Amino acid sequence: MAVDKKRCTRCGKIKPHADFNKEACTATGFRADCRACRKAYRNRPDVKKQVAEYQAEYIQALRNELRCWILVILTNGRLECTLCDNTNYTSLDIDHIAEDGNKYRKNGAINILYYQKMLETGCVGLQCLCHGCNVRKSIQIK
Ligand SMILES: [Zn+2]
Ligand SMILES: [Zn+2]
């Protein structure tokens, strides 16, 4: 076999190194399976579904973590509602002091970039409110 070629472990074809992704930690410096096989593998519906599920879980976990950080910052670690001292964590939410935050809560989820922006700006203009106080506030505004 020519030096610049190798056999794909998946399809068994002998292909030039250019058809394999580089992988530093392997003996040959290339992945065992060729690019075409990698692509076919990634496009399999079950693999796609698995990747999507993994990503969704990862995003959910990251979102929860960012949310927790913000709430910790807003309450100096006490994790309680600014208005009524409610400490039920699942009821606590990030509130925009000056406005009704509903426009940020489209589809029930604030995206990660938005949380990151809150952290970058030092959570200015935000407070921690429980669900009950949040509802009372939005009724007052309307
Ligand atoms: Zn292959
Ligand atoms: Zn409250």
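Colleague: First, how do you know how far to trust the chain?

Modeller: This is a predicted model, so we look at the predictor's own confidence, which runs from 0 to 100. The mean pLDDT of the chain is 88, and 89% of its residues reach 70 or more. Among the elements, helix α4 (residues 131-141) has the lowest mean, 87, while strand β2 (residues 14-16) has the highest, 97.

Colleague: How many helices and strands are there, and in what order do they run?

Modeller: Four helices and four strands. Starting at the N terminus, the order is β-β-α-α-β-α-β-α.

Colleague: What share of the chain is buried?

Modeller: Of the 142 residues, 12% are buried.

Colleague: Now α2. How do you know that its length fits a helix?

Modeller: Take its 30 residues at 1.5 Å a residue and you expect a span of 44 Å. The end C-alpha atoms of α2 are 43 Å apart, so the two values agree.

Colleague: Why do you say α2 lies largely in the open?

Modeller: Count the buried residues: the number is two out of 30, so α2 lies largely in the open.

Colleague: And β4, is that one covered or open?

Modeller: Mostly covered, as four of the five residues of β4 are buried.

Colleague: Which residues make up the largest nonpolar core?

Modeller: There are eleven of them: Leu71, Leu74, Cys81, Leu92, Ile94, Met118, Leu126, Cys128, Leu129, Cys130 and Cys133. At least two come from each of α2, β3 and β4 (126-130), and β4 gives the most, with four residues. In soluble globular proteins, nonpolar side chains tend to be buried together.

Colleague: What does Cys128 touch?

Modeller: Setting aside residues up to four places away in sequence, Cys128 touches Leu71, Leu74, Thr75, Cys81, Thr82, Leu92 and Ile94.

Colleague: What about the phi of Asp85, and is Asp85 buried or exposed?

Modeller: Asp85 is not a glycine either, yet it has a positive phi of about 65°. Asp85 is also found in the loop between α2 and β3. With 9 C-beta neighbours inside 10 Å, Asp85 falls under the exposed label.

Colleague: Why is Glu80 called partly exposed?

Modeller: Partly exposed sits between the two limits, 12 or fewer and 20 or more. Glu80 has 18 other C-beta atoms within 10 Å, so partly exposed it is. Leaving out residues up to four places away in sequence, Glu80 touches Thr75, Asp85, Asn86 and Thr87.

Colleague: How far apart are Glu80 and Cys130 in sequence and in space?

Modeller: They are 50 residues apart in sequence and 7.7 Å apart in space, C-alpha to C-alpha. For another pair, Asp85 and Leu129, the values are 44 residues and 9.0 Å, again C-alpha to C-alpha.

Colleague: Last one: what makes Ile97 exposed?

Modeller: Ile97 has 12 other C-beta atoms within 10 Å, and exposed means 12 or fewer, so the label applies. Ile97 lies in the loop between β3 and α3 (112-120). Beyond its neighbours within four places in sequence, Ile97 is in contact with Gly125, Leu126 and Gln127. Ile97 and Cys128 are 31 residues apart in sequence and 9.2 Å apart in space, C-alpha to C-alpha.

Note on methods: Residues are numbered from 1 along each chain as its sequence is written. Chains are lettered from A and ligands numbered from 1 in the order in which they are written. This is a predicted model: local features need pLDDT of at least 70, side-chain atom pairs count only at pLDDT 80 or more; totals for chains, interfaces and linings use all residues. A nonpolar core is a set of buried Ala, Val, Leu, Ile, Met, Phe, Trp, Tyr and Cys residues joined through C-beta atoms within 7 Å. Two residues are in contact if their C-beta atoms, placed from the backbone, lie within 7 Å. The expected span of a helix is 1.5 Å times one less than its number of residues.
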